[in-house]
Amino acid sequence: MKYYDLITPEGTNDLLFEDCIARKNVESIINEIFIKRGYQEIITPGLEFFDVFNLKSRHFAQEDLYKMVDRKGRLLVLRPESTMPIARVVATRLKEASLPLRLYYNQCAYNISPLMTGRSDQIVQAGIELIGSDSLMADIEVIDSAIEVLSKCKVEDFSVEIGDIGLFKELVNKLDINDIQKENIRSLIEMKNYPALNDLLDSIGNDKIIYSLKKLPRLFGGNEVFEKAAKLFSDEKIDKILSKLQTVYNDISSLYPDYKITVDLGMVNKTDYYTGIIIKGYIRDYGEAVLSGGRYDKLISEFGYDVPATGFAINVDAVAKVISKTEKFSVKIPDVIVFSNKEFYIKAFDIAKKYREEGLVTEIALFDNIDDVREYAKEKQIQKIVLVNENVTEVN
Amino acid sequence: MSKPLRIALTKGRLEKDTVSLFEKLGFDCSELTNKGRKLILQVPDANLEVVLAKAADVITYVDRGVCDMGVVGKDTIMEMKGKFFELVNLGFGKCRFALATKKDYNFYEGYEVKTIATKYPNVARAFFESKGMDVDIVKIEGSVELAPLLELSHGIVDIVETGSTLKENGLEVVEDIAPISARLIVNTVSLKLRQKEIETLVKLMEESIK
């Protein structure tokens, strides 16, 4: 029998010293931003019933979830994300709370990622959920928070991208096709697979909507995107979606003239509980989006409470990893080490306590003679050695 | 000048076809044509850095963002999956996935669960899943055509170009599964952070293969 007692499971790892500081640093920057904006923390259990993640508007593939059964044989999962558990809490314990609710979280999410791609199955995500408002201001508040988070984390080059899932939904629903075909179109637009998308759409028809859908994935970039989009399709609903998105884009761009804000009308994520404006954040040197979110007005109603909401989540581990490449975090070196003979050790603890109260990091020496203490202090770069017997003396 | 765009090419035929495409576009490919054993090469006038890799690794590098772009066959994309944009069908490296059996064997007959030998288990699995058909799949690394001849499997799912290897070994295509050709794939973040450069290159490539 093989024992796996010396390694961690695939997709997980231990974080030591500097790496812990790097992650905690990112967490504290982000959490402070959330708190200052009036968001309150919520912690949900790591274990949830599978049913929470198996909704009509959003479900997780069985093979991507860590599963187990509880004592009664019911299916449990390690939470793959935090928005759905929070929706559950909002629809139950917070149903009577006054709106809007501003909630934030900072906790692990677990996903089974493809084998041998070097991805982590356990990542720390921080995020906010703004619940109870369908106003444009709420969308802007969420995007504004996302930009503040990315800028305060001091990543060198980042960009924030907005889109609106409504556009795709409006267009595709005008076509007389079944859900499977719709999903095929969606996934080709998401992958920006221009050639295959063209082939598929050509087989369906040849009108203005088809042409617009072909162009959709190519519509990303700056303000010019709106001009191009306006030429493609026009009806009441679509014009409304576009002008709302343009307002958000212009407002955000004027709030942050120095940052890279872009639009992608072909952003059509799969796990789609999103109903309106969506957002993604990218940083240089990380191969996938580190931040994502958007409006999800129908999700909480699946838990029995019909209330609009929007929010985002950021991959804390990814940000910490990128920051660590340029910024060095170092562990705290103790200021003092206190050494005593056996008969004086109570006094030594007392002296150490006093140093700590002064704000010094103080270790108790666990050696029998002063030479070993000196050697240890030298190796750990501890500057001050204090000898405790009848007297208290600093020695070299 | 900014950091070069990094493009991974599938070593071998796709690499040669891509280099001739670059030459057609007027890029200085001298380093690529006299590469020796080097694996990272420069195309200075196009601000490109070329990485030579095996097909599956091209996908890994682009998926993880260590390369901005890649040239790889649709066969590998179908087998590996991954998250990236598949912007251009480059047109070269054309062939197809097909199901083949021994000549005159009626594959779909009978209730017996069929065995399929293949180098592409995910492609084979997806194909038979779409038919609602259970099959046993055996992964083979070398000449897949051997499996039905040795009676390890009832059929094979493999890449077919001209079909001459099949013919010489008494096999024939039962059904085409999907057409294959080389694709230009792009990392999802690179396309957004370096949009102008990538779009310019994509446009050039699209125009020259029309």
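Q: At what angle to S1(B) does helix H1 (residues 13–24) of chain B run?
A: Helices (H or I, at least four residues) and strands (E, at least two) are DSSP runs, numbered from the N terminus. H1(B) lies across strand S1 (5–10), S2, S3, strand S4 (69–73) and strand S11 (182–186) of chain B. Angles run from 0 to 180 degrees between N-to-C directions, with axes fitted as lines to C-alpha atoms, for helices over the stretch in contact. Against S1(B), the direction of H1(B) makes about 135°.

Q: From which number are the residues counted along each chain?
A: First, a word on what you are looking at: this is a predicted model, where local features need pLDDT of at least 70, side-chain atom pairs count only at pLDDT 80 or more, and totals for chains, interfaces and linings use all residues. Chains are lettered from A and ligands numbered from 1 in the order in which they are written, while residues along each chain, as its sequence is written, are numbered from 1.

Q: Which strands stand at the edges of the 6-stranded open sheet of chain B?
A: Two strands pair if DSSP finds at least two bridges between them. Here the order is S2-S3-S1-S4-S11-S5, with mixed pairing. Each edge strand has a single partner, so one side of each is left without a neighbour in the sheet; the two are strand S2 (40–43) and strand S5 (85–89) of chain B.

Q: How many bridges join S6(B) to strand S9 (residues 155–160) of chain B?
A: Strand S6 (residues 95–102) of chain B also pairs with strand S10 (residues 171–180) of chain B, in the antiparallel sense over 8 bridges. There, B:Lys102 stands opposite B:Leu171. With S9(B), B:Ala100 has B:Ile156 as its bridge partner. S6(B) and S9(B) run antiparallel, and the bridges joining them number 6.

Q: How far apart are the C-alpha centres of the two domains of chain B?
A: Domain bounds come from an automatic or database domain assignment. For chain B it gives domain 1 (5–93 + 181–209) and domain 2 (95–179). In contact (C-beta atoms, placed from the backbone, within 7 Å) are 4 residues of domain 1 and 7 residues of domain 2. The distance between the C-alpha centres of these domains is 31 Å.

Q: How far apart are the C-alpha centres of domain 2 and domain 3 of chain A?
A: Chain A is divided into domain 1 (8–157 + 284–331), domain 2 (165–257) and domain 3 (336–395). Between domain 2 and domain 3 of chain A, the C-alpha centres are separated by 69 Å.

Q: Why do H5(A) and H6(A) count as roughly antiparallel?
A: Angles under 35 degrees count as roughly parallel, over 145 as roughly antiparallel, 65 to 115 as roughly perpendicular and the rest as oblique. Helix H5 (residues 179–190) and helix H6 (residues 194–204) of chain A have axes 8 Å apart and an angle of about 155°. That is why H5(A) is, relative to H6(A), roughly antiparallel.

Q: In which sense, left-handed or right-handed, does H3(A) pass H9(A)?
A: Helix H3 (residues 136–152) and helix H9 (residues 236–255) of chain A pack at about 45°, with axes 11 Å apart, and are therefore oblique to each other. A crossing is left-handed if the near helix is turned anticlockwise from the far one by less than a right angle, and right-handed if clockwise. The crossing of H3(A) with H9(A) is right-handed.

Q: How many charged residues has the side of chain A that touches chain B?
A: Altogether, 18 residues of chain A are in contact with 17 residues of chain B. Strand S7 (158–164) and H6 of chain A each supply at least two residues of this side of chain A. Ala, Val, Leu, Ile, Met, Phe, Trp, Tyr, Cys and Pro count as nonpolar, Asp, Glu, Lys and Arg as charged, and the others, Gly among them, as polar. By class, this side of chain A has 6 nonpolar and 7 polar residues, and the number of charged ones is 5.

Methods: Two residues are in contact if their C-beta atoms, placed from the backbone, lie within 7 Å.
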